[in-house]
Amino acid sequence: MHVKKGRRRNRTGLYLVMTVVLLFCATLFAQSFSLKAECQEMQKQKQELEAKRADLEKERQSIQEKQAYMQTDEYVEYMARRKFGLVYDDEIIFKAK
């Protein structure tokens, strides 16, 4: 009779350990899915940020080009003609009524 009682204790302990291990595995499995979803979301954000960075880089380059153009004599002459009506001596101005 003592042998059966010992086996029951061993089986109960084994079931308890198996239950704990299964719960641990289930928790790891659930965390794995959660981390995978989070990783995919971060990859999506990374792609969006890289696209935004590329757009900002293009805009920066455009601004630099415009700034360089604004420092040329051609731009100064264009603005003087447009804003202040600059006319050279050999030019004729026609005005509409």
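A residue counts as exposed when its relative accessible area is over 50%, as buried when that area is under 20%, and as partly exposed in between. Phe-29 reaches 54% relative accessibility, so Phe-29 counts as exposed. The model is predicted.

**Aromatic pairs**

Phe-29 has a ring partner. Phe-29 and Phe-33 both lie in helix α1. The two are 4 residues apart, about one turn of the helix. How are the rings of Phe-29 and Phe-33 arranged? Their centres are 4.8 Å apart and their planes stand at 85°, so the pair is edge-to-face. The cut-off behind that label is an angle over 60 degrees between the planes.

Tyr-69 and Tyr-75 also form an aromatic pair. Their rings sit 5.3 Å apart, centre to centre, with 70° between the planes. This pair is edge-to-face too. Is Tyr-75 buried or exposed? Tyr-75 has 18% relative accessibility, so it counts as buried. Tyr-69 is partly exposed, with a relative accessible area of 34%. The count for the structure comes to 2 aromatic pairs.

**Salt bridges**

Side chains of opposite charge can pair when their charged atoms come close. How many salt bridges does a search of the whole structure find? The search returns 3.

| Salt bridge | N to O distance |
|---|---|
| Arg-60 and Glu-57 | 2.3 Å |
| Glu-77 and Arg-81 | 3.3 Å |
| Arg-81 and Glu-91 | 2.8 Å |

Take Arg-60 and Glu-57. Both residues lie in helix α1. They are 3 residues apart, about one turn of the helix. Arg-60 has 40% relative accessibility and so counts as partly exposed. Glu-57 is likewise partly exposed, with a relative accessible area of 37%.

Next come Glu-77 and Arg-81. These two belong to helix α2, which covers residues 73-84. Because they are 4 residues apart in that helix, about one helical turn separates them. Glu-77 is at 30% relative accessibility, so Glu-77 counts as partly exposed. Arg-81 is partly exposed as well, with a relative accessible area of 31%.

Arg-81 has a further partner: it forms a salt bridge with Glu-91. What does the Arg-81 and Glu-91 pair tie together? Arg-81 lies in helix α2 and Glu-91 in the segment after α2, so the pair ties together parts that are 10 residues apart in sequence. Glu-91 is partly exposed, with a relative accessible area of 32%. Through shared partners, salt bridges join Glu-77, Arg-81 and Glu-91 into one network.

**A nonpolar surface patch**

Which residues form a nonpolar patch on the surface? They are Leu-14, Tyr-15 and Met-18. Together these residues have about 330 Å² of accessible area. Met-18 lies in helix α1, which covers residues 2-70. Met-18 is partly exposed, with a relative accessible area of 42%.

Key:
Residues numbered from 1 in each chain as written. Predicted model: local features only at pLDDT ≥ 70, side-chain atom pairs only at ≥ 80, totals over all residues. Heavy atoms only, no water. Patch = residues over 30% accessible without salt bridge, like charges linked within 9 Å, V, L, I, M, F, W, Y side chains within 5 Å. Areas by Shrake-Rupley, 256 points an atom, 1.4 Å probe, with all protein chains shown as cover. Salt bridge = Lys/Arg side-chain N within 4 Å of Asp/Glu carboxyl O. Buried < 20%, exposed > 50% of the residue type's maximum accessible area, 1.4 Å probe, protein only. Phe/Tyr/Trp six-rings, centres within 6.5 Å; stacked < 30°, edge-to-face > 60°.
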